[in-house]
Amino acid sequence: MDPPAVAIPKMLSEVREEAAAAAADLPVTPEAERQLRGFGSDVFRSAKAIQDINKTHGHLRATADERVMTGTTIFLGEKMLRTSILDDAGKPVTWRTFIYQDVVAKGYILALTYGDLNSEELATRVHSCCVTSETLGARDCDCVQQLEGALERIVRLGKGILFFLYGASHEGRGASYVCKSRDRMLVQYSHETINTYDIYRELGLKADHREFRCVADAVKLLGISPKWIMLTNNPDKISAFKEHDLPIARTEKIEARPTRFNIAYLRSKKRYGHTLDQATADRSVYDAAGVRISEPIVPHILPGVPRFIHVSSYSLPLGTVDGFMLLRAREVEALRAAGVRIISERPLRGRVWIQADVDTLPADDAADFDPESAEAKALSPEDLDRKLREAAAGEVLDCAVFWFRMNVYYDVVASEEFVVLEYGDPGTDLDIGQPPPTDQGEAAAAAASAAAGTNAAAAAAAAAAAAAASRTPASPSKAGAASAATKSVPLVRFHSESVFNRFPLLDRSYKKRYQQSILRIVEHGWGLVTLFFHDGRGRGLGGVLVDGQRKGVVADTRDFKAASWVLQRHLRGATAVKVLASGQHATIAAALRQYSVEVKEWVFVGDAELDRGHALLRARAASLPTTLRSMLSDEVPAFPTGAGSDAGAKLSAEELAAARAAADIPALDPAAVFGADVDPSTANWVITGVGSSEAHGRYLVSLLQRHTGASARFAPLTAFLDVDVGPGSASTGTPAPKSSESLVDGSHLGRLASGVQTDAAGSGRRSILVVISQGLSPNSWAALRHMHAFDRVILFTSVSTRHRPDKDARIQSVRAHPGGGAVVTFPMEDEYGVLVRVVGPACGFLRVYQCVRAWCAPSLPDPAIVLPAVEAAEAAPVPKAVRETLIASARCMSKGLLRKSEDGADAAGPQPAFGADESEEEDGTPPAAAAAASAADKKSAIPSRATPLRDVAFVASPPLSDYLINACKKFEEGMLLATPSVSDYLSFPHGKHQLLLLSHRRDPALAGRAQADSVVVLLDSGRPADRRIATMAEDMVAAEGIPVWRIPSALPVDLQVIEFEAVLNRLMLDVIIEGDVDQCHWPGHDGESALYHVVR
């Protein structure tokens, strides 16, 4: 029997492995021979044993370690993209996307495939990228409409491929965005009397620089040979397919309704030969109110910084988002008259800031209605009136854009463009499309351009000499400086490009960050957006694809310092900004500080889940190991991961120094803190803190008492309220003198501070006041205002004066203490936006431990040994009964908090509008659809309950049981459940165990582990005695049917609290996310300020 003929090759690795064992004379079909030639002659000769192509997907598959190449195109990998495009059954379509790169031009080719690729005919579109419409949401072209329209059409036809060409070699008809932006600027300056093709010619460019051989290469690599149904309006693409022997069955147009912002551009394309039937209207963007056109600039090197060349600046119309618009009052009324529901509205800078219900907006083509048409004349008076009102509303929507100023730079070091979008002017309320003031070089170029008339090329030539002569740094005008001082600081956003988010993904969470940033900036009135073009935090698209392997891939290569330098040129002299972000805070703040720009506030942006704080908490928890590592001493530590293992991570001395500098870590020098006259190991310590900082205070007391000869005790902040500091001192912030009788003689605190205890020689101990407050809360002044009663004062805080000038007085008063004061900082300063803290608590424990070890207990173990345990905490197993009980209880609590009151308002209070202040990398890769489905499955599998959990009990041995306050906060503030009790093992059976049994339900009708009313958490220190009694306690509790979780630790007892913090974070995040706990709008969110500000 003859061996079967071979159709198409499969993987190269399989070819090599099977070739040796293959029969020598397997026949090859002519079609297969033609395709095999594309893989090189050596591949063809070894392809005797290749099997048929995969019939299901119709493509060659490559593992992550294999690459297939033909011509200059190489296969990188594949990715599944789940989009909002619906199939005929109404289900979201997932596109299997194969990713290639041109090794010469460095551009990427993404082949989004749908359906059976072995079909005789496949629909296709070859789509060149467009950053302004696909990423930024601009309306001055039709690119994104063609992209999404082609995806829709491929689904309707049942099978096909969209080839997305991404990179400078395809942006701007292959001339790059640098050249395209010059074209847009000059076309706009001519009021569109000069079209894009004429400008290209005057700039010395071809009409189209693109080369489509890469598409033919991708087709070969897919191993298919259909006839193509081309979805295009461009005759050049049809010619390119024919040139590369790609047979065409037929062509179909992809055309969207023109708008007044792109009609001139589409008409120029039509004149060039594109098939565009609708590009006939003669309405200009300049009929739209608000647009302001400035004179073009000539490319020039930035003064003093030869790295950047400013190549263009023009006005860019960005589309509205989620129904938010800034309109005139009469325009709002026109929408209402057409039946548009206005969700919210308020006056803003002489206009009206509204959110309209997008489901009630008129059709996109409503403005095209012609009252003189035959259709109109056939309508009834009522229908005609309705049509006219919808047409008026359509005209409003056609003009409803946000005008931003687009500034494009060329980075000669990175060989790429750099973009700064800016909105508004701090000196005027006329901020719609308001161009920024120009520096001296640009002003000279503009003047020369004006002198040369409207011919853009002549203007550019005339301006070159003037721009070259103006290379001195510009100074902000007095008016600009004054306006910057009087108007609020600008909002800024550092946004990273993600090519996947250019498609209509079902998961829009990352794109929403950009969109919400635009809305916040417009509502605020002044702001800037910088754009990083590389995917995967600067690693490029290839870096995204291999990120899971971490084979030499640097985590983040984005140049925030360069971005900050360009951005600060547009701040009009402002020295403070509010940053729109969901991460990268330390990196951004450090980069801005390089140019004397301080972050006044972090403003959180995100989607609905992020608004509940879930993604923010996940990101913070994930950053904990890195943050702790940055806090270690200058000594390069070893990170053991277990017996006989040396696989732990290791920082170089340079990396460690850089991390410590970025975190602003203080030197732990005993002499600098205490001076020669105070011995910290024998001093009298008074330590205080509140909230999460109380745990750090009690931890410090424990370390000092057990490892030094010091006298240390914890004093609650309320103890300091008993001290009379005299009239006026609290309000003025002036501390009472140490000699105050009422302070020293009349109070417990005074006696403590005055050194009544004596050492062996009979001399009094020196006194030290320690105040610990991560966020430096107002009530911390209750203790700090008495600092002069002590010989020394130490403040532990995450606040720096650079970021929080409003708290500078308290910090400086500590440093100015006459006997000596020190401020010890620890991360993280900006842990706001949610109720619970996940990073600061562990960091506070580590910093306290470091200080005690450096100051007076050098025999304590190196804290670096805690890192492997913290890194392993993410995988810590949680008993199913414990997890499900807590999640079900959290859901029960969440439903109760969100139940509707009689008037329809949420019981938890109204949600904040876009203008509300919020505190707090994004590599842009959307989460896998499988992960979301898995989470949904987990939620549905957990039984519901009618009442929340009644009791949670922590059981631990001293000293751990003395400072478990933060562990309790994870239940109380994180999961919004009952505050846990804390017992040591021997006191647990004396009352607490009995109460747990009384509250534990055993109703057969409520059977199921999620119905338990109590949970017990046992912290096992690993010491022999603890291990034995922990086993006894576990058996005793489990025998009663109460869910119990035993958490062991092999670390020294003083470091275990840091490990337990990380382990409990993992449980807390599970419960918060799957229990739908809202961490951004908790009960009492706006009603706690009275007690929070007792001391001012």
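Leu-976 is placed in the loop that runs between helix H38 and strand E26 (981-983), where helices (H or I, at least four residues) and strands (E, at least two) are DSSP runs numbered from the N terminus. The model is a predicted one, in which local features need pLDDT of at least 70 and side-chain atom pairs count only at pLDDT 80 or more, while totals for chains, interfaces and linings use all residues. Residues are numbered from 1 along each chain as its sequence is written, and side-chain values use heavy atoms, with hydrogens and water left out.

Although Leu-976 is a residue other than glycine, its phi is positive, near 55 degrees. Leu-976 has a relative accessible area of 12% and is therefore buried; buried means under 20% relative accessible area, exposed over 50%, and partly exposed in between (1.4 Å probe, protein chains only). A positive phi, of about 70 degrees, is also found at Lys-106, which is not a glycine. Lys-106 belongs to the loop between strand E3 (92-102) and strand E4 (108-114), and it counts as exposed because its relative accessibility is 53%. A further backbone feature is the cis peptide bond between Pro-958 and Pro-959, with omega about 5 degrees. Pro-959 lies in the loop between strand E25 (951-955) and helix H38 (965-974).

Strand E17 (residues 527-532) is mostly covered, six of its six residues being buried. Gly-527, Val-529 and Leu-531 point one way from E17, whereas Leu-528, Thr-530 and Phe-532 point the other way. In a regular strand the side chains alternate between the two faces of the sheet. E17 pairs with strand E15 (residues 416-423) in the antiparallel sense over five bridges; two strands pair if DSSP finds at least two bridges between them. Within this region, Gly-527 of E17 is the bridge partner of Tyr-423. Strand E16 (residues 491-496) runs parallel to E17 and is joined to it by six bridges, and Ser-496 stands opposite Phe-532 in E17. From E16 the chain passes through helix H17 (residues 509-524) to E17 in a right-handed β-α-β crossover, that is, with the strands pointing away from the viewer, the path from the first strand over the helix to the second runs clockwise.

Beyond its neighbours within four places in sequence, Phe-796 is in contact (heavy atoms within 4.5 Å) with residues including Val-770, Ile-772, Phe-826 and Trp-855.

Phe-1060 is found in helix H41 and counts as buried because its relative accessibility is 2%. Its C-alpha atom is separated by 8.0 Å from that of Ala-967, 93 residues apart along the chain. With neighbours within four places in sequence left aside, the contacts of Phe-1060 include Leu-960, Leu-1019 and Ile-1047.
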